[in-house]
Amino acid sequence: MKKLYFIGFLSMCCALKMTSQIVTSVKGKIVEVTTENALQGVTVKIRGSSIVVETNFKGDFIIKGLPVGNQIIQLFYDGFDTQNIPVKSIENELVDLGTIFLIKTINELFQISIISLSDDDLVDEEEHSSDYIAGLFQSSKDTYLKAAAFNFGQVWFKVRGYDSSYGTILINGIEMNKLYDGRPQWSNWGGLNDAFRNQEFTNGILAADYTFGGILGTTNFSTRASVYQKVNKVSISSTNKSYTGRVMATYATGLNVNNWAFVVSGSRRIANEGYLEGTSYNAWAAFLAAEKRLNNNHSLNLTAFVAPNRRGKSSPNTQEIYDLKGYKYNAYWGLQMSDKRNSRIKEIIEPVVMLSHFYTNENTTLKTTIAYQFGKIGNSRLGYFNTPNPDPTYWKYLPSNYLRFEDDLDYANAFLATQEFLKNGQINWAEMYQINANNGNSLYYLYEDRVDDSQISVNSTFNTTLTEHIKLNAGFSYKNLASKNYGKMIDLLGGTGFVDLDQYAEGEAQQNDLNNQNRVVGVGDKFQYNYKINASVLNTFAQLQFAQKKADYFVGINVKNTNYQRVGLYQNGTYSSNSFGKGEKQSFSGFSLKGGFTYKFTGRHLVIMNGAFISNAPTIRNAFSNSRVNNNITPDLSSEKIETVDLSYIFRLPKIQSRFTAYYTKFRNAIETSFFFAEGLLGNQADFVNEIITGVEKRNIGVELSLKYQITSTIKLLGAGAFGQFTYDNNPNLYIQSESFTDENSDFGTAYLKNYRISGTPQRAYSLGFEYRDPNFWWFQANANFLSNNYIDISPLLRTDNFYLDTDGVPFVDGETGVEVSQEQVNSLLAQEKFEDTFLVNFVGGKTWLIDQNYIGFFLSVNNVFEELFKTGGFEQSRNANYKELKEDKLLNEPIFGPKYWYGNGTSYYLNLYVRF
């Protein structure tokens, strides 16, 4: 019996000994190989076990309870090569793996470089264009956001229905969103895809280390020369979109032995004619970055880039015009000496120079950048004075004009108009030259709306790790803008000069500048309008991020002060007392707050909740009621207020990654402006007007789904979905500014917009796809996409009391019933058009060869494989501004002033060939 006790005692000791052997740990830090930025959320797994952890915001991880002996640690991070690290764990010892570098997959590297960083596919932003969002979400690893950028984007999809001005774009910390309208000007760095590869993306209102950000998300492009991989790369592309060919070359030295690093990149994009008729394209781009590492803590980086871009625009058209001329028709061009000449050319040349200082130690970074941007933006168009409209789609030239009256249907002239439009239907340059030659002074002319901006920006961002669990982000930025705005004469079209008068006014009001009356304008002269906008913005933010074992959370604040002032250089005849000299300075102060909480049930199940209150000062575009001709301020001017909250559930396994998000956003005190020609104002008046609606409230609610399932090591299933409802949430006030109205009657009262749908995006979108990535460096992906609930942009003016009131102030009498128009009749006539659903199939793939340490490969994407015909956007015309005129127009088989639409491209492709050595 004593022997048995002794044996039992020995067995217990052995068991205790074995138990102590598994008490061992391993730790490490994971960073991206080129930027050496910490990677948060990397999955760290012990192969053959259930042990899984993730890296924190510092890229650190620690695994406790590791079995003694030889183990394999696996690292998984989307878009990066999976790493298998052998480890020999020793009893009661902490194994420190040090810094581990993750490398982007070869296909991921080249795919990022091919993404088009420009607004090449946009129409004229002044004519109800969509917002280009692909650049904002291109670096996201989220399946849904990638689908939004590359699959839904061709139907002008907006994530959560947000305008692109709600996303923040930074280059080295300098905000690139324009003060004029809050939107980034992607063309400023278009064609520099390789140079702008290094980027950090933060989705929505999540914490970003470098700025407070907007509700749509934040992207910060880094052009620090030392973070670029040493490379020589040349690529050539062919496409049938906005341009037809591109050549691009990039050279990066990496950090040399003298602690210098250089990057040089350039490109050329060109098309005699893009996908749509008459849309020429001519763009160059150049980039230089040079960094000197002064010591282990300090570096200086110089960045300079410019992307001159000149492209022809395309017109929105009524359905009558599309039915006659096809869906590639563009009214803006005409033949001149057998060459297609586009009257609407957009030209952008705005160079940027930046100098950045980087300070880094073990726990702290300080990044400071000063930037200077200057140059011009020009948008050309035809002008005419007391002569027939040169627009080939002018309503009087169309067949529907001769069929507008039931008691006087002129089929003969309608047939002749049809034949003439089919045969010609373009701008007649030769006729305009002939008329001007006969007259002497130009009655037709080509001019541009010109903006010459000069802006100085400063930004400094401070990041420090206060404790193992707390990180502080803080910073400030300052912008100072001097913006010159004027009309510039480009071409007199064979005439000798043009008298600078306003054809819509009478008497002294015709003078565009009372200080220089009846001035004869020559080519290159300023005319029509001339003013400056001085603006400044001072912004500070601070943010604390906390990381705990089971919960992460953050809180951030932002304080901003914005100032605008208009300085008129012309004394306009209509606004003689309020157009010349300095206007009243406008100042707006705003306070914003956001916070978020992440609870980790396990490393696989997370719940994230974020909320924010944001105050945005009005943009320059919205602050002035008609800045071209007067100093007037928009009525009821105030800052926009935004309240938003989102709740997400995230489920992550090595093979499955999914996200389900519900969100709610309320916009208050928004301002919307537009310019157009209207008839039927106050009964029977007609004029070119500026429409302003103030106090606008909108509500955006919806859910998002992102799903990625790694079926095998090479096959991946991709799913994405968005179900939203974006509506006006009140009845705002509407004002009309024009030469016909005094301040007393410019208030048109309430615009009944509540519950109408917000336009410019499908409100529901779904995508299902699969991807194959072969170990031999070739891959392809196919996606089927369904988009619905896309609505036309409504006319607020048609939804005011003016719409159903006659000149005597009483409601119109219905011609059929003989009684006053009822609310039901008004609602029926003003029902919002819903576009047909869209189904698109897209394909993308590529192959890379490794030959003697050099990469050669290609990338091919094909969109809309089955040539689906679909509307991307459209707007109601406001010309028929009362019930009687609009009803008469809608009764026609082809309404004269029906809505104007944009249609998406048919089957399009993009082929890129590259050599990297």
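Visitor: What makes strand β8 (residues 167–171) and β9 a pair?

Guide: Two strands pair if DSSP finds at least two bridges between them. Strands β8 and β9 have two bridges and run in the antiparallel sense, so they meet that criterion. Within this pair, Leu 170 stands opposite Glu 175 in β9. The model is a predicted one, in which local features need pLDDT of at least 70 and side-chain atom pairs count only at pLDDT 80 or more, while totals for chains, interfaces and linings use all residues. Residues are numbered from 1 along each chain as its sequence is written, and side-chain values use heavy atoms, without hydrogens and water.

Visitor: What makes β9 and β10 edge strands?

Guide: The open sheet concerned has four strands in the order β9-β8-β11-β10, with mixed pairing. Both β9 (174–175) and β10 (199–203) pair on one side only, and are accordingly its edge strands.

Visitor: How is a strand identified, and how many does the protein chain have?

Guide: Strands are DSSP runs of E with at least two residues, and helices are runs of H or I with at least four, both numbered from the N terminus. On that basis the protein chain has 45 strands and 10 helices.

Visitor: What shows that β16 is paired with β15 and with β22?

Guide: Strand β15 (residues 281–293) and β16 are antiparallel over eight bridges, and a hairpin of four residues joins β15 to β16. Glu 291 has Asn 301 in β16 as its bridge partner. Eight bridges also join β16 to the antiparallel strand β22 (residues 352–360), where His 357 stands opposite Leu 300.

Visitor: Why is Ser 615 called buried?

Guide: Buried means under 20% relative accessible area, exposed means over 50%, and partly exposed lies in between (1.4 Å probe, protein chains only). Ser 615 has 10% relative accessibility and therefore counts as buried. This residue belongs to strand β32 (residues 605–616). Contact means heavy atoms within 4.5 Å; beyond its neighbours within four places in sequence, Ser 615 is in contact with residues including Gly 590, Phe 591 and Glu 640.

Visitor: Why does Asn 240 count as partly exposed?

Guide: Its relative accessibility is 22%, so Asn 240 falls in the partly exposed class. Asn 240 sits in the loop between β12 (231–239) and β13 (245–252). Leaving aside neighbours within four places in sequence, its contacts are Tyr 275, Thr 907, Ser 908 and Tyr 909.

Visitor: How do you know that the radius of gyration agrees with a compact globule?

Guide: The radius is taken over C-alpha atoms, and the globule rule is 2.2 Å times the number of residues to the power 0.38. For 917 residues a compact globule would have a radius near 29 Å; the protein chain has 31 Å, which agrees. Along its principal axes, the C-alpha trace spans about 120 × 65 × 50 Å.

Visitor: What share of the residues in the protein chain is buried?

Guide: Buried residues account for 55% of the 917. Of contacts between residues at least 6 apart in sequence, 70% join residues at least 24 apart.
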